[in-house]
Amino acid sequence: MHGFANPARFLRIARWLMPLCLGLGLVVAALALAWGVFFAPAERLQGETVRILYLHVPSAWLGMAGWMGIAGASFTELVWRHPLAAIAARACAVPGAVFTAVCLLTGSLWGRPAWGTWWVWDGRLTSMLVLLFLYFGWMALSQASESSDGSENHAPAIFGLVGAVNVPIIHYSVIWWNSQHQAPSITMGKSAMSGDFLWPLLTATLGFTLIFAGVVLARMRAILANQQAEARLRRKAFSEVEF
Amino acid sequence: MREAMDPWTFVVASYAIGVGATLGMVGWSLLTMRAAEKRRDESRKR
């Protein structure tokens, strides 16, 4: 892992990996959504509204995966002092928050025809909303710690690790508490879902995951480039002051 | 009594939000990356 600690080596890999992830992800996600909307059957009880599944589930997965990315990068930053870990955590925040918001909005749009309500304060919906607020808090803290005196600040990394406790709460909320939300249909190694729905769903999940990876790599390149430009300008400003 | 609702209204609204947000995020991340790398390259030249 420390082989990637060199930003120059990381950039060499990210330069070809980022467009590959984004291009492939956009194509796969577009094909999967077209499959879900035009070719997958309507569900017996929910009818056509089941098509929201192909957007809602991948965004829920990526909302949680984004925070696990922040937590993993935070752990790497605190334990191994990996120079790219804090950058990776910052890069995960925006796409994670966007997919969490998409999950909440599409869930609300699905809830209205399926449950007869836009929103209920049950365990799954509330813990997902808490995740969105955690993202906002993490981004604000990360921004504030970056613009302080430039010394090492591990507060966002600690927040990232502590906030990860919400991810299993989201996952198990439908098992622990009575919920309007259904229990998981897909568990490790088995699925209660028909292949007619499962395959377009898995394809959409793969497509959006590749898009997520591409966006994270693009954000990392942007953050790294900004840091390099800042460092260079600072060095020049110091050298001009000295002479 | 069941409320009569057109399911496609909800499906189309969901796809507009999901696809719009995803494309917007991809576009924004590429633009900010390009601007940051241009800024770094210019700082090298100065």
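A residue is called buried if 20 or more other C-beta atoms lie within 10 Å of its own, exposed if 12 or fewer do, and partly exposed in between, with C-beta atoms placed from the backbone. Helices (H or I, at least four residues) and strands (E, at least two) are DSSP runs, numbered from the N terminus. This is a predicted model, where local features need pLDDT of at least 70, side-chain atom pairs count only at pLDDT 80 or more, and totals for chains, interfaces and linings use all residues. Residues are numbered from 1 along each chain as its sequence is written, while chains are lettered from A and ligands numbered from 1 in the order in which they are written.

**View 1. Helix H2 of chain A, mostly covered.**
Of the 28 residues in H2(A), 20 are buried. From first C-alpha to last, H2(A) reaches 39 Å, close to the 40 Å expected at 1.5 Å a residue (the expected span is 1.5 Å times one less than the number of residues). Look just past the end of H2(A) and you'll find Arg81(A), which takes a positive phi of about 55 degrees.

**View 2. His56(A), a residue of helix H2 in chain A.**
Is His56(A) buried or exposed? His56(A) counts as buried because 23 other C-beta atoms sit within 10 Å. Setting aside neighbours within four places in sequence, His56(A) is in contact with Cys103(A), Thr106(A), Gly107(A) and Trp110(A); "in contact" says that two C-beta atoms, placed from the backbone, lie within 7 Å. Gly163(A) is 107 residues from His56(A) along the chain, and their C-alpha atoms are separated by 22 Å.

**View 3. Chain A as a whole, with seven helices and two strands.**
Start at the N terminus and the elements run α-α-α-α-α-α-β-β-α. The C-alpha trace spans about 80 × 35 × 30 Å along its principal axes. Chain A has 243 residues, and 40% of them are buried. Take the contacts in chain A between residues at least 6 apart in sequence: 77% of these join residues at least 24 apart.

**View 4. The largest nonpolar core, with 70 residues.**
A nonpolar core is a set of buried Ala, Val, Leu, Ile, Met, Phe, Trp, Tyr and Cys residues joined through C-beta atoms within 7 Å. Which members touch the most others in this core? They are Ala88(A) and Met220(A). Two or more core residues come from each of H1 (7–39), H2 (53–80), H3 (85–115), H4 (123–146), H5 (155–163) and H7 (195–242) of chain A, and also from H1 (7–45) of chain B. H3(A) gives the most, with 17 residues. Zoom in on Ala88(A): apart from neighbours within four places in sequence, Ala88(A) is in contact with Ala73(A) and Met220(A).

**View 5. Glu146(A), in helix H4 of chain A.**
Why does Glu146(A) count as partly exposed? Because Glu146(A) has 14 C-beta neighbours inside 10 Å. Pro156(A) is ten residues from Glu146(A) in sequence, and the two are 9.9 Å apart in space, C-alpha to C-alpha.

**View 6. Where chain A meets chain B.**
Here 30 residues of chain A are in contact with 25 residues of chain B. On the chain A side, H2, H3 and H7 each supply at least two residues, and H7(A) gives the most, with 13. By class, the chain A side has 17 nonpolar, six polar and seven charged residues. In this count Ala, Val, Leu, Ile, Met, Phe, Trp, Tyr, Cys and Pro are nonpolar, Asp, Glu, Lys and Arg are charged, and the others, Gly among them, are polar. The model scores ipTM 0.92 and pTM 0.92.

**View 7. Chain B, with one helix and zero strands.**
The C-alpha atoms of chain B fill a box of roughly 70 × 10 × 5 Å along the principal axes. Buried residues in H1(B) include Phe10(B), Gly18(B), Met25(B) and Arg40(B). Chain B has a mean pLDDT of 91, and 91% of its residues reach 70 or more; pLDDT is the predictor's confidence in each residue, from 0 to 100.
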